[in-house]
Amino acid sequence: MKKDRKLKGWLQSFMRWPLYLGVLVLAMTAVAYFFNVEAGLICTGLAVFYLAAALWFYLAKRPLIMREVLLFAGDHAQIQRKLLADLDIPYALLDEQGKILWINKAFGSVIRKDKNWRRRISDFFPEAAAVPEEEEIVYDVSYENRYYKLHLKNIYLDDREEGGFQVGLIAAYLFDETEKIQYQQEIENQKLVAGLIYLDNYEEALESIEEVRRSLLIALIDRKINKYISSMGGIVKKIEKDKYFIVIKNQYMDSLKSTRFSLLEDVKTVNIGNDMAVTLSIGLGMGGGSYVQNYEYARTAIDMALGRGGDQAVVKDGETITYYGGKSQSQEKNTRVKARVKAHALRELIETREQVFIMGHKMGDVDSLGAGIGIYRACNELSKRAHIVLDDVTSSIRPILERFINNPDYPEDMFIHGDKAIEMADPNSLLVVVDVNRPVITECAPLLDLIPTIVVLDHHRQTRESITGAVLSYVEPYASSACEMVAEVLQYIGDNVRIRQAEAEAMYAGIVIDTNNFMNKTGVRTFEAAAFLRRNGADVTRVRKMFRDSMSDYKAKAEAVHRAEVFEDAFAVAVCPSEGVESPTIIGAQAANELLNIVGIKASVVLTEFQDTIYISARSIDEVNVQLIMEKLGGGGHMSVAGAQLKGVTMEEAVEKVKETIKQMLDEGEI
């Protein structure tokens, strides 16, 4: 409307120009009189004629011209309305509240089944709940199984210059994205997912049956795997006797995840007289930029699965890692070949370095200290200078430390603080990390960046936060403790290695504490390691005396057990008091062990507040994988022994969070 008025004003000005030029003609006539009267009279006659003709044209033809202009403008506006109504792009006008005022035919064809279209746009597209406050906003919407981009753009009709008013409207455009999304989904579905399947206990399972039936067992397992992958149109290639390479389409991943990789349980049903059920690990890689990268992701995933004890599937999608399964206990390997190979590799690394730093985890326990002392002995046997990095001395490790501090048989720099280690570290040093594989909870995390050569020896299941770049990684989740692993390494790292009595007792104590007096995660190799330490002078009685509780600690533990709550008829949840207790985290862990002695309790969770942090200790016997629960809370550990830390929450909030996590995992069948 405003533009029409402007156009009309310009036309009127244009039609007045002949009259404006008449003034110029009169001026020229006056100049002619100045030079010659006759010429002036002639010019006067011509000027009068010109003015008369111009005035007549303006008065007589103006209505006709304006009528033609207005007719053209009307026809033009009608054409515009016609074009807008027949436009292939769905278009609508809304008021400022989002109510539909007008739609074209294309928009009507989208909502054709709803005759009452004069409603809010959000009634048709709930995703567009808010009208745009800025100039334009775009929504991804859907309607009757079609997908659209909805553009909402503010339009203002301003008539205030001539005393009118301002009207606000919203223009709505719909762009059909259905085919584009379908093609994108099809491309996503057709992407390659690379995978590796390893049999965890191939040798052990074969040894448990007669030789003539072994080929049948292998054939049945092959058939299970091939049938499972072939049902999804995938490819299986056996690359070794106990290893398979698989390729499937991405479209089947949702099905695999929803069934939680049923092959894990299906393969356990293969039984032709074998005493040991066959378990396998699956590693899948996807989301990479190339097939090679997906294969590398699959290798990382299978390493994670094996590092967490096997019998589970790990999916690495780009930087995201997801775990499935892992509900059964890790199978202990009877062979020590791996321990011997790792021991020889460790020896070569120690011999090529000038100095060795050894560290465990924050708030070190008996196992991390005992393992560190064992590695210290190995360095001494190889005539290398070594230091154990230790900052926090808890009451649990003080009885062991007293045997080494101020002992003339050991140097003063056997134990050093993290700050001192940072000053002494150089690129030619070796860092040995024991009893931990997560960098954030190591005793001195900066050392991981300062020292390029890193060795990891741990018995905890790996998580996505594992230490990267280690030149030697020896992670065995089936081992009872880090001390057990180090005891095996010491037997192969050199000829006739003889460890001292204090060192043997420190390592023996680590095994005793982590196995809860040989009741948790204890296998044949655990007793063999303990026997090796006994032969080297470990005194069982002295170890027992070192770890007796004080009266206040015992009362705190008893209080936690007394106030324990049974949750979901199988989980004991308790809060351990920390007031007056020197090491409440240790007492909390002991209370969690005690709660497992109650009939009907499948798992126990004890929370302890210490230094503005809630420490959680979780324990189970064999029915519940507490590691999965603790991983949901940001922690980790073993299937039967795990823990986590919570900061910035109250004890009541922490207890509620633990219960919610357990309830959610029970509902989803994860535990």
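1. S604 is buried, with a relative accessible area of 0%; buried means under 20% relative accessible area, with a 1.4 Å probe and protein chains only. The model is predicted, local features need pLDDT of at least 70, side-chain atom pairs count only at pLDDT 80 or more, and totals for chains, interfaces and linings use all residues. Residues are numbered from 1 along each chain as its sequence is written, and side-chain values use heavy atoms, with hydrogens and water left out.

2. S604 lies in strand β20, residues 603-610. Strands (E, at least two residues) and helices (H or I, at least four) are DSSP runs, numbered from the N terminus. The side chain of S604 reaches the backbone oxygen of A592 at 2.7 Å. Apart from neighbours within four places in sequence, S604 is in contact (heavy atoms within 4.5 Å) with A572, A592, L595, L596, S617, A618 and R619.

3. Of the 12 residues of α17, 10 are buried, including E484, E488 and I493. Elements covering these buried residues include α12 (337-351), α13 (366-381), β16 (453-458) and α19 (524-535).

4. The protein has 24 helices and 23 strands, and 47% of its 671 residues are buried. Among contacts between residues at least 6 apart in sequence, 63% join residues at least 24 apart.

Conventions:
Buried means under 20% relative accessible area, exposed over 50%, partly exposed in between (1.4 Å probe, protein chains only). A polar contact is a pair of N or O atoms within 3.5 Å; within protein, one must be able to donate a hydrogen and the other to accept it, and residues adjacent in sequence count only if both atoms are side-chain atoms.
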